[in-house]
Amino acid sequence: LELSSGPSKALEAQLAEVQRYMAGLVDDLNGRVQQHLQAHGGADRSFYQQVLALFRAYKADVYAGKPRYMIGDMQFTATTDDDTPGSVHTASAGRQVPPASHQQQHHHSAPMSLEDVRAVIEEHRGLELPGFSPYSAVQALISRTTNGWMSSAELLLDNTSLLMEGVVARQVDNLLGRQPAARKVARSAATSLLQELQGNCRTLLRGLIDMEHRNAFTMNRGEFEAHSNTILKQLKEAHAKGGKGAANQSQNGTRSSGGGAAWLSADIGVDQLLTLAAVSVTYFTMSSRRLVDVVPLHIMHYLITRFADQLKGRVAEAMATTAKERAVKRQATAAAAELEALLGLLAEDEATAAVRRELLARQAALRGALAALRAVAAV
């Protein structure tokens, strides 16, 4: 930045020129960041390619907790869009869950036997008539597979924020790397905005996932009933072919005592157990499918888009506020103090300033030599 000098240059005009230069810097910074953060139209796609990889990892993490039921030698679980198309996924009893070191962030839910389902019903039994399962038992089976959803979503949010922080840091350093005071203010303003939006988004995600965890609900009743009936039919077929003993075996091979109330198990039939398993598998399929879309959408809207929309205003406000705070400390007229403060923000680091002084000195020498040559030529 070079200001015109001389008596014809009024102080107010100099101040206006510096203010325009500062506004141009903020515009430039905003434009550079927008090239990365705009979902549609940004020139650099690397940021969203990395974000999409995070979204995929989050999706795999959510699906890893899907319910699993052992019926005889067959394992039944929810079908996701990552599986081979079909209404239910089955696996041999010999198929093992991957070891912890090879899993996503959260553990796979351990397979449950029908006896384990019976134990859940017994735990939640109240005054229900025979053949009716307590709603709390249904909710317990569903909640068993959703316990890790919040930490998965928070990990996604934190990793996305780190990517954004990296984008902003690089662009600020590229543009203001030689102006340490302005760089510090811009980085601080961007970081503050990012942390604020991250906190707001975290609150929204916690409410969203708590809602999913606490309340089993869908208005897609027809789809739910059709899917559940299909799974129940397959569970019954598997049980009829070789899984009859499964209703009387727990995971460790012993019958649950039911806390001394074994008589409760007498009116809990196999159909009731299979129905509960089918319901939990169906609901997980629908609920997880809803979640793997809506959580990334929340992060894109409430974190990335809002940050991109508000960055320019927040940095401009921070620059102006810092300049005014510095101006108050100076013994000068308001315009002079603000001008000095803005120039202080835009001051280059000493190494760059030294190079600039040397180049300006060389420029002046060359101009002097050129003027001397012209004077000789004019003689």
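Two residues are in contact when heavy atoms lie within 4.5 Å. The model described here is predicted.

**Helix packing.** Under that contact criterion, Leu114, Val117, Arg118 and Ile121 of helix α3 meet Val270, Gln272, Leu273, Leu274 and Leu276 of helix α8. Seven of the residues in this contact of α3 with α8 are nonpolar, one is polar and one is charged. Helix α3 spans residues 114-124 and helix α8 residues 270-328; the two pack at an angle of about 90°, their axes being 10 Å apart. This makes α3 roughly perpendicular to α8.

**A buried threonine.** Thr160 belongs to helix α5, residues 149-176. Its relative accessible area is 0%, so Thr160 is buried. Leaving aside residues up to four places away in sequence, Thr160 touches Val51, Leu54, Ile299, Leu303 and Ile304.

**Salt bridges.** The count of salt bridges comes to 12.

| Salt bridge | N to O distance |
|---|---|
| Asp173 and Arg187 | 3.6 Å |
| Asp210 and Arg214 | 2.8 Å |
| Arg290 and Glu212 | 2.7 Å |

Arg290 lies in helix α8 and Glu212 in helix α6, so this pair ties together parts that are 78 residues apart in sequence. Arg290 is partly exposed at 34% relative accessible area, whereas Glu212 is buried at 6%. Salt bridges with shared partners also join Glu154, Asp158, Arg202 and Arg206 into one network. Asp210 and Arg214 both lie in helix α6, four residues apart, which is about one turn of the helix. Asp210 is partly exposed, with a relative accessible area of 34%, and Arg214 is exposed, with 56%.

Conventions. Residues are numbered from 1 along each chain as its sequence is written. This is a predicted model: local features need pLDDT of at least 70, side-chain atom pairs count only at pLDDT 80 or more; totals for chains, interfaces and linings use all residues. Side-chain values use heavy atoms; hydrogens and water are left out. Buried means under 20% relative accessible area, exposed over 50%, partly exposed in between (1.4 Å probe, protein chains only). Axes are lines fitted to C-alpha atoms, for helices over the stretch in contact, and angles run from 0 to 180 degrees between N-to-C directions. Angles under 35 degrees count as roughly parallel, over 145 as roughly antiparallel, 65 to 115 as roughly perpendicular and the rest as oblique. Ala, Val, Leu, Ile, Met, Phe, Trp, Tyr, Cys and Pro count as nonpolar, Asp, Glu, Lys and Arg as charged, and the others, Gly among them, as polar. A salt bridge is a side-chain nitrogen of Lys or Arg within 4 Å of a carboxyl oxygen of Asp or Glu.
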